[in-house]
Amino acid sequence: MKQLFVEVYLSLKIPLSEDQIQKNEIIKQQEEQCNKIYNQFTWKSDDLGRSNAINAGIIDVLHEIISTRNLDDITAPYIHALFVFTHPYSIAISKLLFEKKSLTYLLRLLDHQDQQIINSALAAIVNILYCGVISTNHTLPHPYYEELVLQGGIQKIFTLLQQTTHQFSKNCLATIVGFVFRSREMPDPEMKDQIISHLKSNVNHQDEETRNEVNLALQCLQQNSDFNLQFSDKEQLNNATGQLFIYQFEEDMTESWLKEHFEQFGGVISIFLPVCMGKSRGFGFVTMKEKEASLRAFNHCFQTSLN
């Protein structure tokens, strides 16, 4: 695997030629190398492999490409190679990406003309911010908010949300705003209403991952007293199946312990704890038999800790 990373790194370091034919050939070769990275990690929980790739300079060279090239010369495989470091969710890898300023480079891609690239960049931003949410105290502001403000990201996200007609982009943008404005006042009342309305309209989204992210974004906004009046019914924070998103617990947490804990509120249908290398990744999903039970559990979990 180390040899693969070296090969990819050296290929991506090759500068583009001014000759159009040669430039196209270099881009084609680099796209093939990016696809190797994507295929190596897609849908795999491999923190060690991703960490080794980062140490080999893969992220640094992708950042260099994104920051220095004309956007027209940045094709989908480049962003896919970066995206695959953000998914499946990994708190450890997301922290490394944040430290390397990945958010800054992803924000630049929001100016791209290719909607696929914009969507991939937005999805990567959501994933990084998601890990920032689940790895910190749910009553505190998002740890990456200041960095987004510094890079002009908040305004760019607001502007794009108002302009785009693409549903996937809207979902990502609204979720991003929900995450970063955890326990923080949103200055634009019109934007606040628009964000809440859009998130509420997707609490029963057909895609489970989108549904979970939307519900978490609403929970983040619920931490701001300015938003409490917007939620006349806290059941808006639970989808039709009575599923709860839980996070911030120790890596040795077990499904049996969670089942016993949540059965005090009602019947439990299922529990799902994503794992990496045999250990819990610190978040999961509990599906209750009745929405009333999920609401009781929701109210309890907002006031106590699972640890």
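Is cysteine 172 buried or exposed? Cysteine 172 is buried, with a relative accessible area of 8%. Keep in mind that this is a predicted model, so here is what the computed values say, topic by topic.

**Cysteines**
- Cysteine 131 is buried too, and its relative accessible area comes to 1%.
- If you were looking for disulfides, the count in this structure is 0.

**Asparagine 171**
- You'll find asparagine 171 in helix 11, which runs over residues 167-180.
- Asparagine 171 is buried, at a relative accessible area of 8%.
- Its side chain makes a polar contact, at 2.8 Å, with the side chain of histidine 198.
- Leaving aside residues up to four places away in sequence, asparagine 171 touches His198, Asn202, His205 and Thr210.

**Helix 3**
- Helix 3 covers residues 47-55, and its buried residues are Gly49, Arg50, Ala53 and Ile54.
- Look down the axis of helix 3 and those buried residues fall within an arc of 140°, so they line one face of the helix.
- Leu48 and Asn55 are exposed, and they sit on the face of helix 3 turned away from its buried side.
- The cover over the buried residues of helix 3 includes helix 1 (2-12), helix 2 (20-41), helix 4 (58-68) and helix 6 (91-99).
- After helix 3 comes glycine 57, with a positive phi near 95°.

Key: Residues are numbered from 1 along each chain as its sequence is written. This is a predicted model: local features need pLDDT of at least 70, side-chain atom pairs count only at pLDDT 80 or more; totals for chains, interfaces and linings use all residues. Side-chain values use heavy atoms; hydrogens and water are left out. Buried means under 20% relative accessible area, exposed over 50%, partly exposed in between (1.4 Å probe, protein chains only). Helices (H or I, at least four residues) and strands (E, at least two) are DSSP runs, numbered from the N terminus. The arc is that of the directions from the helix axis to the C-beta atoms. Contact means heavy atoms within 4.5 Å. A disulfide is a pair of cysteine sulfur atoms within 2.5 Å. A polar contact is a pair of N or O atoms within 3.5 Å; within protein, one must be able to donate a hydrogen and the other to accept it, and residues adjacent in sequence count only if both atoms are side-chain atoms.
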